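Student: I am new to this structure and would like a close look at a single part of it. Could you walk me through how the helices pack against one another there?

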Amino acid sequence: MDKLAKVHFENQLLINSEELKEKYAKANSDLKEKIEVVEKCLKHLVHNKWDDMIHLWNLTGFILMVSLDLKIYIESILFSEGYGKRELHFKNLCVLIYETSEDIEQLIGKRFFEICDKYEISIDLIENLKTAKKKLTKFKNDHSVSLKAVRTIIGAHRDHNFLLQSEIIRSFSLTAFVPIFTEFDVITNELSVPLEKINNEAVEKFIKILDSGK
């Protein structure tokens, strides 16, 4: 994006900064409450060794935690001031997105759908989840190369090439990367909605099975 577009973007960010901060504060608070609920339920499931339910609820907790981390990093990138702070969050966020996009796609895999089939989860919920997962796959195809480059060179696995690291940091642009970050944030939100409903439906049916065996 050219310099004029960059100036416009940063001006709009400045104008809407308070509204954005309130939006992130509300979203983070809501996510924290959901994470606490999932954690409480998951501890109960682990205690009773209900493996199918553990698998479903663990996935939801993982995605909610990723979503919270994303929002905190994005907010930090948008509003950080001072030398190196924004760039630090940029590096960490690229690593987070690259790694967790791989993890999430694997977790919503064969075993997950076998459990859904076992408890006859509603087809509509499964289709909604598959639609969101397809968006995740497309996101990986579109952005994994650039994210992996940041991860490999200046993130989790440094190549010890200072000039290359410095070049990537200098080329970091809000206008180029924030849309990528927010796209992944939207995808995690879209994944978490059907997953929460799948969890609730699975637990209801699981409880009925337990009651019928008494």
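Tutor: Happy to. Let us begin with helix α6 (residues 123-154) and helix α7 (residues 162-171), which pack at an angle of about 135° with their axes 10 Å apart. Axes here are lines fitted to C-alpha atoms, for helices over the stretch in contact, and angles run from 0 to 180 degrees between N-to-C directions. Helices are DSSP runs of H or I with at least four residues, numbered from the N terminus. Before going on, note that this is a predicted model, in which local features need pLDDT of at least 70 and side-chain atom pairs count only at pLDDT 80 or more, while totals for chains, interfaces and linings use all residues. Residues are numbered from 1 along each chain as its sequence is written, and side-chain values use heavy atoms, with hydrogens and water left out.

Back to the pair: α6 and α7 are therefore oblique to each other, since angles under 35 degrees count as roughly parallel, over 145 as roughly antiparallel, 65 to 115 as roughly perpendicular and the rest as oblique. Their crossing is left-handed, meaning that the near helix is turned anticlockwise from the far one by less than a right angle. On the α6 side, Ala149, Val150, Ile153 and Ile154 meet Leu164, Gln165, Ile168 and Ile169 of α7, where contact means heavy atoms within 4.5 Å. By class, the contact of α6 with α7 has 7 nonpolar residues, 1 polar and no charged. For these classes, Ala, Val, Leu, Ile, Met, Phe, Trp, Tyr, Cys and Pro count as nonpolar, Asp, Glu, Lys and Arg as charged, and the others, Gly among them, as polar.

Now follow α6 to another partner. Helix α4 (residues 85-107) and α6 have axes that come within 8 Å and cross at roughly 135°. That makes α4 oblique to α6, and the crossing of this pair is left-handed. From α4, the residues making the contact include Phe90, Cys94, Tyr98 and Glu102, and from α6 they include Leu136, Lys140, Leu147 and Arg151. Sorted by class, the contact of α4 with α6 holds 11 nonpolar, 3 polar and 8 charged residues.

Finally, α4 also leads us to α3. The axes of α3 and α4 come within 10 Å and cross at roughly 160°. The two helices are therefore roughly antiparallel to each other, and their crossing is left-handed. In the contact of α3 with α4, the residues divide into 16 nonpolar, 5 polar and 3 charged.
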